[in-house]
Amino acid sequence: MEYRQLPHGTEQERFSVLGLGMGGIQNAPENEIEQVVRTAVDHGINFFDLCGGGSSVYAPFGKAVSGQRERVFFQLHLGAVYNEKGEYGWSRDLGRIKETFAWELEALGTDYADFGFLHCVDEDEDYDKLVSAGILDYAKELKGLGKIRHIGFSSHTPSVAHRILDTGIADMMMFSVNPAYDLEQGDEYGIGSTAERAKLLRRCEAEGVGVSVMKPFHGGKLLDAKTSPFRTAMTRYQCIQYSIDRPGVLSVVPGVRGMEDLNQLLGFVAASSEEKDYSVIGQFTPAAAMGNCVYCNHCLPCPAGIDVGLVNKYYDLALAGDTMAANHYEKLSVKASACVSCGHCDQRCPFHTPQSARMKEIAGYFGN
């Protein structure tokens with residue numbers, strides 16, 4: 001299992017790239033929910049999102065992590081609430097949000113959450129309401145009291161996400177990432193152009209805001225040729241790897257319904273690079289997205305030994321304002337200047353990126 005450091009966190013806050021969402025598991029028996037969580041932790045998964053399931057999820061989750069709380073990290077959403085039947089919903093009522101958060105901690109058997117998320121901030125009005133209703137101040141209060149370690153937010157909308165990032169309060173963003181959304185062939189949740197979505201993720205990495213990924217399978221549609229907007233089925237492992245490779249992403253949190261789903265996901269860790277290769281999406285890329293490096297490294301191996309994807313990533317981050325990108329680039333043992341313009345990468349790039357020319361551009365920018 002690969003682990004990634006939360007930029008604004010402690011050394012111990014390193015998250016498994018394969019996380020787990022609890023949305024959808026509420027129909028499983030409590031003993032199976034507990035078994036899923038225990039099995040996930042035993043296999044190295046330490047990052048969980050508890051939003052979207054029913055209230056019945058919390059007690060078995062708490063039992064599963066009892067005695068090993070320090071090994072797991074999870075997101076609680078300030079705005080996700082549950083009715084008398086235990087069904088999920090959302091609210092901007094501060095009193096109800098406070099009651100729900102207190103109940104969640106009690107049901108989980110813990111006195112803190114790793115992340116308190118401003119929930120589902122998709123519209124400008126959503127953000128304005130967070131401010132006017134006192135929810136944003138409540139999140140700050142919880143952090144000051146140690147009831148949450150970090151403030152985060154979930155959103156589907158790049159322009160609104162930028163408003164929250166502008167405040168500087170967020171250490172984590174939950175965002176919908178999958179090939180359909182990023183290539184402008186998704187649904188109403190795939191908001192923003194290819195360029196806008198890429199810019200948002202690059203900003204997060206540049207500013208040290210971690211990203212957790214929701215909807216990596218496009219609600220399962222990408223896994224079936226009949227429902228995929230590309231009319232070709234992708235695998236779970238291709239979708240997960242795609243999301244992991246996006247800038248700023250620390251963990252992908254696909255939902256599970258029970259042990260069968262979990263066992264399928266756990267195979268990702270031991271899967272071969274060929275099984276995770278998502279370069280097939282190059283066939284579906286719209287003209288507007290062509291010519292952009294997505295850091296998939298399908299062009300490797302480079303005869304000169306250049307890590308083409310990483311070189312491109314540091315360049316894009318530097319252009320996005322990441323002051324550390326140049327330092328990271330300087331530490332590379334083989335830099336863009338080593339390119340011999342053999343054309344190997346140009347021929348293999350599924351997105352038709354002129355990598356040979358780009359290496360010259362990058363070498364000129366960094367000076368080597």
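Predicted model: local features only at pLDDT ≥ 70, side-chain atom pairs only at ≥ 80, totals over all residues.
Q: How many salt bridges does a search of the whole structure find?
A: The search finds 13. One of them joins Arg4 and Glu2, with N to O at 2.9 Å. Glu2 is partly exposed, at 40% relative accessibility.

Q: Which residue forms a salt bridge with Arg92?
A: Asp126 does, and the closest N and O atoms are 3.7 Å apart. Arg92 sits in the loop between strand E7 (88-90) and helix H3 (94-108), while Asp126 belongs to helix H4 (residues 124-132), so the pair ties together parts that are 34 residues apart in sequence.

Q: Are Arg92 and Asp126 buried or exposed?
A: Arg92 is buried, and Asp126 is buried too.

Q: Where do Arg163 and Asp124 lie?
A: Start with the contact: their side chains meet in a salt bridge, 3.2 Å from N to O. Arg163 is in helix H6 (residues 158-167) and Asp124 is in helix H4, so this pair ties together parts that are 39 residues apart in sequence. Arg163 counts as partly exposed because its relative accessibility is 29%. Asp124 is partly exposed as well, at 36%.

Q: Which residues are linked in a network of salt bridges?
A: Asp124, Asp128 and Arg163 are linked this way.

Q: What describes a pair of aromatic rings?
A: Two values do: the distance of the centres and the angle of the planes. Here a search of the whole structure gives 17 aromatic pairs. Take Tyr365 and Phe366: their centres are 5.0 Å apart, their planes make 90°, and the pair is edge-to-face. Tyr365 is partly exposed at 42% relative accessibility. Phe366, at 14%, counts as buried because the cut-off is under 20%.

Q: Which residues do ring pairs link into a cluster?
A: The cluster holds Phe15, Phe47, Phe73, Phe115 and Phe117.

Q: Which charged end sits over the ring of Phe268?
A: That of Lys276, 4.1 Å from the ring centre. Arg69 also lies over a ring face, that of Tyr112, at 4.0 Å from the centre.

Definitions and conventions. Residues numbered from 1 in each chain as written. Heavy atoms only, no water. Salt bridge = Lys/Arg side-chain N within 4 Å of Asp/Glu carboxyl O. Buried < 20%, exposed > 50% of the residue type's maximum accessible area, 1.4 Å probe, protein only. Helix = DSSP H or I, 4+ residues; strand = E, 2+ residues; numbered from the N terminus. Phe/Tyr/Trp six-rings, centres within 6.5 Å; stacked < 30°, edge-to-face > 60°. Lys NZ or Arg CZ within 6 Å of the ring centre and 35° of its normal.
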